[in-house]
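This report describes the two chains of the structure shown below.

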Amino acid sequence: MADAAIITAEKLKAAGVLVRINARAWGVAVGAVIGLGLFVATLVLVWKGGPDIGQHLGRLQFILPGYTVSYSGAFIGLVYGFFIGYGLGRFLGPRRDVAEARGDSGPIHVRLSARSWGFTIGVLLALGLFLMTNVLALRGGSDAGSLLGHLHVYFPGYAVNFTGSLIGCAYMLALGWIVGRGVAFVYNSAVTRAEA
Amino acid sequence: MNDALSPADERALERDIQVALAPLHKRCLGLAFGVVFGLGLFAATLLHLWRSPSEPYPLTLLSQYFKGYQVSIAGAFVALGWGFAAGFVMGWIFAFCRNVVTGLTRFVLRTRAELAANRGFLDQI
């Protein structure tokens with residue numbers, strides 16, 4: 001009886017460690033991609049120069065205080081991007097069926113669960129658009145969400161207001177679902193061929 | 001601990017470890033990101049042309065990063081190529097970072113376990 005309890009406790013402890021490892025790894029990976037992406041995007045604009053540098057990317061300062069399209073802003077963006085990506089990445093990691101290992105011999109690479117990737121990316125995109133839209137709508141002003149409002153070209157019915165944010169959520173959920181399943185499908189097919 | 005586990009439990013635990021520590025295939029994830037990102041930009045350009053042909057803004061801002069890009073049929077193919085390249089790099093970096101963290105974690109765990117296993121020997125010398 002006592003042995004069984006110890007074994008169960010050890011198994012739970014091991015499972016907890018594995019979940020934490022997985023979550024941390026996915027967090028670092030997503031953080032690195034988003035952070036480096038913002039870093040490079042900022043530097044490209046700085047290097048290109050021009051009279052009105054970063055007119056559009058610079059609007060990120062409304063959501064990321066301190067960020068500017070400059071050398072120092074690139075590093076600030078790198079840090080912001082990493083931490084935001086880390087938080088998002090942990091959503092991808094903890095669930096067991098996000099990734100599956102397969103094969104009893106030879107090199108084993110992780111497989112991606114299309115269902116989980118589709119769901120997770122869809123929810124993240126939908127939440128992101130919902131929050132951004134409502135923050136911009138609440139800030140108000142004459143040109144609130146003038147850039148984001150162009151999404152109506154791709155998402156008919158979308159607008160920078162609460163109703164529009166709900167419509168945008170539905171579109172993003174569908175888009176994320178397709179993107180997530182697409183990535184998982186291509187990756188899993190390619191890994192199967194590479195390991196064959 | 002493993003001596004007390006049933007074969008089924010051992011298999012389940014082994015599978016958990018594989019899932020947590022097995023590497024991502026860098027080239028394949030780059031390919032997957034590249035294909036999806038490239039096709040996404042291609043479709044977005046065509047959709048923009050169809051829905052709002054007279055107003056290229058804001059998609060035309062992509063020309064700041066993707067040389068030769070414009071909101072046109074030809075530009076859609078340029079976006080496909082650039083999107084694939086950018087997506088491939090993102091996917092590769094994603095897999096690389098994930099593999100580095102799991103690899104380092106595996107190394108640390110193994111080292112700790114070996115030190116713990118040898119503690120009795122070290123106490124005797």
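## Burial and basis of the model

A residue is called buried if 20 or more other C-beta atoms lie within 10 Å of its own, exposed if 12 or fewer do, and partly exposed in between, with C-beta atoms placed from the backbone. By this criterion 39% of the 196 residues of chain A count as buried, and 34% of the 125 residues of chain B do.

This is a predicted model, in which local features need pLDDT of at least 70 and side-chain atom pairs count only at pLDDT 80 or more, while totals for chains, interfaces and linings use all residues. Residues are numbered from 1 along each chain as its sequence is written, and chains are lettered from A and ligands numbered from 1 in the order in which they are written.

## Chain A

Chain A has four helices and two strands, arranged along the sequence as α-α-β-β-α-α. Helices (H or I, at least four residues) and strands (E, at least two) are DSSP runs, numbered from the N terminus. Of the chain A contacts with a separation of 6 or more, 64% are between residues 24 or more positions apart; two residues are in contact if their C-beta atoms, placed from the backbone, lie within 7 Å.

Helix 3 (residues 114–139) and helix 4 of chain A have axes that come within 6 Å and cross at roughly 150°. Axes are lines fitted to C-alpha atoms, for helices over the stretch in contact, and angles run from 0 to 180 degrees between N-to-C directions. Helix 3 of chain A and helix 4 of chain A are therefore roughly antiparallel (angles under 35 degrees count as roughly parallel, over 145 as roughly antiparallel, 65 to 115 as roughly perpendicular and the rest as oblique). Their crossing is right-handed, a crossing being right-handed if the near helix is turned clockwise from the far one by less than a right angle, and left-handed if anticlockwise. The contact of these two helices has 21 nonpolar, 10 polar and one charged residues. Here Ala, Val, Leu, Ile, Met, Phe, Trp, Tyr, Cys and Pro count as nonpolar, Asp, Glu, Lys and Arg as charged, and the others, Gly among them, as polar.

## Chain B

Chain B contains four helices and zero strands. Its radius of gyration is 25 Å, well over the 14 Å that the globule rule gives for 125 residues, so chain B is more spread out than a compact globule. The radius is taken over C-alpha atoms, and the rule is 2.2 Å times the number of residues to the power 0.38. Along the principal axes, the C-alpha atoms of chain B fill a box of roughly 80 × 35 × 20 Å.

Helix 2 (residues 26–51) and helix 3 (residues 73–117) of chain B cross at roughly 150°, their axes coming within 6 Å. This crossing is right-handed, and the contact has 22 nonpolar, nine polar and one charged residues.

## Between the chains

Helix 4 (residues 162–195) of chain A packs on helix 2 of chain B at an angle of about 140°, with the axes 8 Å apart. The residues of this contact divide into 14 nonpolar, one polar and no charged. Among them, A:Val179, A:Gly182 and A:Tyr187 are on the chain A side, and B:Cys28, B:Leu29 and B:Phe33 on the chain B side.

A:Ala29 lies in helix 1 (residues 2–48) of chain A and counts as buried, with 27 C-beta neighbours inside 10 Å. Beyond its neighbours within four places in sequence, A:Ala29 is in contact with A:Gly89, B:Phe94, B:Cys97 and B:Arg98.
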